[in-house]
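Me: Could you go through this structure with me? I'd like to start with how open some side chains are and then see what pairs with what.

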Amino acid sequence: MPNLPRIRVALIGVGNCASALVQGLQYYRNCKKNEECLGLRNLVLGGFYPGDIEIVATFDIDARKVGKDLTEAIFAPPNNAPKISEVQPVGVLVNKGPVLDGLGQRTRNIVEVSNQPEDNVAKTLKQTDTEIAINLLPSGAVKASEWYAEQALAAGCAFVNAAPNFIASDSSWAKQFEKAGLPLAGDDLIDQVGATTLHKTLLQLLSMNGVHVTETYQLDVGGGTESLDTLERTRDMKRTVKTKSVESALPYKAEVVAGSTDYVDFLQNKRDSYFWIKGMHFCNVPVQIDLKLSTVDAPNAGSVLLDVIRASKIALDRGLKGAIMPICAYAFKHPPKTVSLEKAEEMFADFIA
Ligand SMILES: NC(=O)c1ccc[n+]([C@@H]2O[C@H](COP(=O)([O-])OP(=O)(O)OC[C@H]3O[C@@H](n4cnc5c(N)ncnc54)[C@H](O)[C@@H]3O)[C@@H](O)[C@H]2O)c1
């Protein structure tokens, strides 16, 4: 088809993550040189620049977003991700999706459900020639995430699950995508410089240098809607996912706890993460680390999402199907199989080469 953008993407959920991604796409749209692309891990990936990505369809349920141009909807409350770049209207309106379990008791008070008719999602994905659908629903929206995965299957799109529920890491879903001849990636996006990445890197550094880590925890507080949803509906699940991911950084067993702790509204989209690490080094002498990392949550997902989109396009072009391990291991906290940081990097580098 003439004049089609090179990578056609649909966003499921126009919350804070979507806001950072849309702003980032406009920020990096014309970047062609490395010195112009500070903040990106990869300017070119598989021959694709960020400017080759185009959002062609979007879905949400909030009355302040549905029917609006995507670039207006991303700044509508309750989104509180900061304005990080100038955005021009893109002519893509937000469609109304079904609510299903999209809202918990707490988020029900801050999301205003639109009374617009529900869109035929699979039909829209087909009509817009969407190649990759990205699930950015709240972590508690387990049924809704699965429903959108079914729509992607029906429309013939690749599916990326940024949420922490288990789709790519669930063998029955992976089989369905395999049968449909479509790529699948997930679950639970890993941030560019997030608490999990930093924690794993520190543990690896310590164990590499002969320190025996005995106890460690990572706790965080945030002020985005997702932190509120986590507090109510997915705290235990997030704790399991993060703890498993962090444990994999050590070549031996230690006491590890990693999870989201609380919602602090005035932090807005910021996230404060606290780390405590205790271990023994030379002659059993104790060593300890007490650290705080402060980040803005949504932009922390931007660079990784740009890589995942372009890698998923490579998978589509190569006719790969089912859960794509190099993408899952590189960019997600809960891939189908946990591998070391080095192995994940190596697998991804080989994949995009
Ligand atoms: N750095 C990060 O922000 C980061 C990192 C890893 C994973 N994630 C995951 O990405 C997901 C999105 O995070 P966020 O901060 O953007 O969340 P958010 O709460 O800001 O956005 C979720 C959006 O989904 C919409 N929604 C709810 N139910 C819906 C439905 N049934 N259909 C369509 N839209 C619906 C909400 O109205 C909202 O706009 C979460 O699952 C989060 O755990 C985010």
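Me: Is Lys292 buried, partly exposed or exposed?
Reply: Lys292 is partly exposed, because its relative accessible area is 48%, where buried means under 20%, exposed over 50% and partly exposed in between (1.4 Å probe, protein chains only). This is a predicted model, in which local features need pLDDT of at least 70 and side-chain atom pairs count only at pLDDT 80 or more, while totals for chains, interfaces and linings use all residues. Residues are numbered from 1 along each chain as its sequence is written, and side-chain values use heavy atoms, with hydrogens and water left out.

Me: Which side chain does Lys292 meet in a salt bridge?
Reply: It meets Asp272, at 3.7 Å from N to O, a salt bridge being a side-chain nitrogen of Lys or Arg within 4 Å of a carboxyl oxygen of Asp or Glu. Asp272 is buried, with a relative accessible area of 11%.

Me: How many salt bridges are there in the whole structure?
Reply: A search finds 16, including one between Lys313 and Glu131, whose closest N and O atoms are 2.6 Å apart. Both Lys313 and Glu131 are buried.

Me: And what about a network of salt bridges, which residues are linked there?
Reply: The network links Asp220, Lys242, Arg271 and Asp297. Within it, the closest N and O atoms of Asp297 and Arg271 are 3.0 Å apart, and both of these residues are buried.
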